[in-house]
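Visitor: I am new to this structure. Please show me how to read its features, one at a time.

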Amino acid sequence: MNANKNIYQDKRYTDLKNNFQKGNFTKSQSLLNILLREYPGNSELLEIKDRLNLKTMHSRVSKEKETSLTSKQIMVWSGVVLAAALVIWGVFFGIQRYKQLVIDKTSEFEISEQLEQTNNLIESNLGKADVLIESGRYNDALVVLEEIESMVSEDPEYQGLLKRANDGIYLVSVYEDALSMGEQLDFESALEQLKVINNVNPDFRDVQILIAQYEREIELRNFLELADEAYETGDWDAALENYEKYLLDVENNEKLEEKQKLYNSYMNVINENLSEETMDIDVIEQSESLLSKARTLYLHNTIKYSFEDNRRIQELLVAKFVNLGEQKLVESPDNINAIRAAEYYYSKALQQQPNSQELIDKYVLINDFMTGYSYFIDGSWVEAEENFRQVYERDPGFAGGLAEVFLYETYTVMGKLYEEIEYYVSANNSYKSAEIIAKNDQNNELRIFEVSVNLARMQAKYGDHKAASLKFLDAFDDSGLYELSQYFGGELAVNLRIAYDSIYSYYYYTAYVYFIAAIEDPPEFIDQDFVWLEEDSSLAKLCLEYSSTFSYIFEFNDLNYSMLPIETGTGIIVPSLP
């Protein structure tokens, strides 16, 4: 009942009945095909279909009968004429027979020519209809097909073209409805119409582009609704997230109201982040990133912007980054990774206030240290010495004493390298520089002993064995190693006793020879601590903690400078004086 009720309200049903009553069967057939797709199984339509088929068949039979009757009449009259001619003009029988043969031949030629013309018309119209359908001119295609309907109504190719034309008309109607809905911003309804077309013919016009466009419009509208709702409730994180999505592809100076809200959301999130006591680097860097976005938004759009707010937030960011950097330097001053992190934080602070001399000085100090460290690891000793010296001169206790350790070790290794190539003056100068640093830390007796031994060796290179022997004497006395050797005994004790006796007897060369023998191997009674190199540690830090030196650590662990930095988790023996 519902189906019949709906069809009575459909204007196309009324048009179908009027065309059928007027005898316009071709137009009736087109309307019937469209209505049957929308009201399948409708009893009214099925009845009309049967009547239409009957009318079409009756028309075709009538035409065939008329054609047959006409032929019979011609034959009858021809017979009469022939009979009369035979009776009246019998004498001319041969001539009349010849004329009749000529007439028959002419009729056959005319019929053949008519058939050829009909076939050409059918073929031409079918081709035209196909081209018109492909170009989207469906109504014109129907007109062309109507011209040959009576000739090929049952032909499969004709039926296929007729269906395509009717389908096209239907799809055009749906397409135009979708466009109209889109213009009215009813994207959901428009999308439903487009999906109907997509199910029938996915390649119809630009339906795929429109589907993507309307889906994007719906998505953007949802983003805007979520953003506005979050903005009204003060959920600034959600507001900026959805405003960013909504404004992703918007040109400059468009949708300024939404851009103003996005800017306000940026500033509110930043204020919330920085007003807290948090030192979470992720939160602080998020605020830095949001401030950059807010500036960019202001620079490219006509929106309200507060320079005072911007300056205040810059100061908050600087304070946060400086606090993080100082925290690293205070809590882990002798940790290379911590110093590297401090360098990063100060660089962040400088990005906000690039003209701050205080920040520049602090950053340069940290940067010089890290640059010196990189040169030290690479074995570029001259460059390392220059950077560490600049740091040490400005802040001798920088990085918890690491600057002092690295500068001492740099001078020591430079002295040894100069000594190997017999640049004794340069070697002696390097050892003297190391001695100045060593004497500033009286707690590291092993460092003082090491540099005294190096300087004693340089005196011998100059040929002054007396000075060399006396330097050795001071080194063993000040370190307490002579007394310990005599207590423990052994070869070291013997060598040192001979060296000491030789000095007292003024045999300085002999004394020097036995001092050299005494330092060939480290004393057995020297303290040896075994430690695992942890992630936040380094050889320099171990030297500070245990009052040791790189050279002695290398000697006890069979290491050298080319192996730096030592991997985390390595077991290390750290020697020191008792």
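Visitor: Which residues of α10 meet α12?
Guide: This is a predicted model. In it, Leu224, Asp228 and Tyr231 of α10 meet Glu258, Lys261, Asn264 and Ser265 of α12. By class, that contact holds two nonpolar, two polar and three charged residues.

Visitor: At what angle do α10 and α12 pack?
Guide: Start with the general idea. Two packed helices are described by the angle between their axes and the distance between the axes. Now the case here. Helix α10 covers residues 207-233, and helix α12 covers residues 256-275. They pack at an angle of about 50°, and their axes are 11 Å apart. The two helices are therefore oblique to each other. The crossing of α10 past α12 is left-handed.

Visitor: How do I read α6 and α8?
Guide: Take the angle and the distance again. Helix α6 (residues 138-146) and helix α8 (residues 156-183) pack at about 150°, with axes 9 Å apart. Angles over 145 degrees count as roughly antiparallel, so α6 is roughly antiparallel to α8. The crossing of α6 past α8 is left-handed.

Visitor: Which residues make the contact of α6 and α8?
Guide: From α6 come Tyr138, Asn139, Ala141, Leu142 and Leu145. From α8 the list includes Tyr158, Leu161, Leu162, Arg164 and Ala165. Asn166, Gly168, Ile169 and Val172 of α8 also take part. The residues of this contact divide into ten nonpolar, three polar and one charged.

Visitor: Where do the axes of α23 and α24 come, and at what angle do they cross?
Guide: Helix α23 spans residues 491-504, and helix α24 spans residues 508-518. Their axes come within 8 Å and cross at roughly 160°. That makes α23 roughly antiparallel to α24. Their crossing is left-handed.

Visitor: Which residues of α23 and α24 meet?
Guide: On the α23 side are Leu492, Asn495, Leu496, Ile498, Ala499, Tyr500, Ser502 and Ile503. On the α24 side are Tyr508, Thr510, Ala511, Tyr514, Phe515, Ala517 and Ala518. By class, the contact of α23 with α24 has twelve nonpolar, three polar and no charged residues.

Visitor: Which helix gives the most to the lining of the second largest pocket?
Guide: That is α20, with six residues. Helices α20 (445-461) and α26 (550-557) each supply at least two residues of the lining. By class, the lining of this pocket has 13 nonpolar, two polar and six charged residues.

Visitor: Let us turn to the backbone. Which residues does a cis peptide bond join?
Guide: Look at omega. The cis bond joins Leu564 and Pro565, with omega about -5°. Pro565 sits in the loop between α26 and β2 (571-576).

Visitor: What is phi of Leu185, and where does Leu185 lie?
Guide: Its phi is near 65°, a positive value in a residue other than glycine. Leu185 lies in the loop between α8 and α9 (187-200).

Terms used: Residues numbered from 1 in each chain as written. Predicted model: local features only at pLDDT ≥ 70, side-chain atom pairs only at ≥ 80, totals over all residues. Heavy atoms only, no water. Helix = DSSP H or I, 4+ residues; strand = E, 2+ residues; numbered from the N terminus. Nonpolar A, V, L, I, M, F, W, Y, C, P; charged D, E, K, R; others polar. Axes fitted to C-alpha atoms, helices over the stretch in contact; angles between N-to-C directions. Parallel < 35°, antiparallel > 145°, perpendicular 65-115°, else oblique. Left-handed = near helix turned anticlockwise from the far one by under 90°. Contact = heavy atoms within 4.5 Å.
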